Amino acid sequence: FGDGLQVKWNRLTPALVDGIDEVFTKITVSPDGSHTLYVASSKGNLWRIDNAADLENFDADRDITQLNADLIQSGLLNAGNWISDLAVDPNNPDRLVVVYAGYGGLAAGTARWLWLTNEARVDSPSFGPFIGFPPGPTYAAEYVTDPDNGESILLVGTEKNLYSIRGIIQTSQSPNRFSIGPDGSFTEEIQGQGDVAVYDIYQRKYTV
C-alpha cells in the first residue's frame, strides 16, 4: 500500500503459514472501502486482515482474525481441504464466498464445497453451504456486477462448467443455509461443449 513513492509492506509468511507444510492459496480484497483482506490456505484455514492499509498502526494480534476455526472444529469442514478461491459481494461486503476444492466426498455428493457467510466482518461469522449446487469438484468463484441493474452475479467454476448464480438468499439462520431466491436464477454458462473445467475466473472492466 502507498502512493508509489512510499510503498509499505508487511510480511504474512511465516506469521500465518510456514510456506512449506501450509501455503497461501488465495488472497482477495474487499470493496468495503477499508481494503479488508481475506487470506486462505492449503489446509483450509481462512483469515481476515483489518487495517491492512495502515501499516504503521497495524497490530497482528488485533487485526488478524481466523474466521473458520469453529467451522473446522465442528466437523462441517475438513481442515485438510484447501481453499481454492474467495469472493466478496461488491454490493454486500459482509457476504464472503469460500470455495473448498477437492474430490473425495465432493464427487460422491456427500460434502458441500461452496460456502457463504453474511457476517464476514464479525469475529466469529457463521458459514453455511449453498444448497442445490451440483456435486463435484469446484475451483473458482468471482462476483461480477450486472451493468444494466447493478445486481451482483456470482460466477462459479467447476470441473464441468461455469455457472452464474443470481438472487442468493439465506434460507435459515441456524444452521445457515443459502439457496436461490424466488426471483433468482442458476444457469450453466457453457452449453453444447461437453464438460469444461474452469479453474479461474477474471472480470476485465472496460469502457467503450
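Is W47 buried or exposed? With a relative accessible area of 7%, W47 falls under the 20% cut-off and is buried. That residue is a handy way into this predicted model, and we will come back to its partner after a look at the whole chain.

**The chain as a whole**

The protein chain has two helices and 12 strands. Along the sequence they follow the pattern β-β-β-α-β-α-β-β-β-β-β-β-β-β. Of its 208 residues, 43% count as buried. Among contacts with a separation of 6 or more, 48% join residues 24 or more positions apart. The chain exposes about 11,200 Å², and carbon and sulfur atoms supply 48% of that area.

The largest nonpolar core holds 15 residues, of which V97, L114, F130, F133, L154, I165 and I168 touch the most other members. Two or more residues come from each of β6 (92–100), β7 (114–117), β9 (138–145), β10 (152–158) and β11 (162–172). The biggest giver is β11, with three residues.

Beyond its neighbours within four places in sequence, I165 is in contact with L114, F130, F133, S152, I153, L154, V156, I180, S185 and F186. Another core lies apart from this one; it has 14 residues, including L96, W113, A120 and F127.

**Aromatic rings**

Seven aromatic pairs are found in the structure. A pair of rings is described by the distance of the centres and the angle of the planes. Here are two of them:

| Pair | Geometry | Centre to centre | Between the planes |
|---|---|---|---|
| F24 and W47 | edge-to-face | 6.4 Å | 85° |
| Y139 and Y199 | tilted | 4.8 Å | 40° |

Back to W47, then. F24 sits in strand β1 (residues 24–29) and W47 in strand β3 (residues 46–49), so their pairing ties together parts that are 23 residues apart in sequence. F24 is partly exposed, because its relative accessibility is 24%, while W47 is buried at 7%.

The tyrosine pair spans 60 residues in sequence: Y139 belongs to strand β9 and Y199 to the segment after β12 (177–188), so the pair ties those parts together. Y139 counts as buried at 8% relative accessibility, whereas Y199, at 55%, counts as exposed.

Finally, which residues form one aromatic cluster? They are F130, F133, Y163 and F186.

Terms used:
Residues numbered from 1 in each chain as written. Predicted model: local features only at pLDDT ≥ 70, side-chain atom pairs only at ≥ 80, totals over all residues. Heavy atoms only, no water. Core = buried A, V, L, I, M, F, W, Y, C linked by side-chain atoms within 4.5 Å. Buried < 20%, exposed > 50% of the residue type's maximum accessible area, 1.4 Å probe, protein only. Helix = DSSP H or I, 4+ residues; strand = E, 2+ residues; numbered from the N terminus. Contact = heavy atoms within 4.5 Å. Phe/Tyr/Trp six-rings, centres within 6.5 Å; stacked < 30°, edge-to-face > 60°. Areas by Shrake-Rupley, 256 points an atom, 1.4 Å probe, with all protein chains shown as cover.
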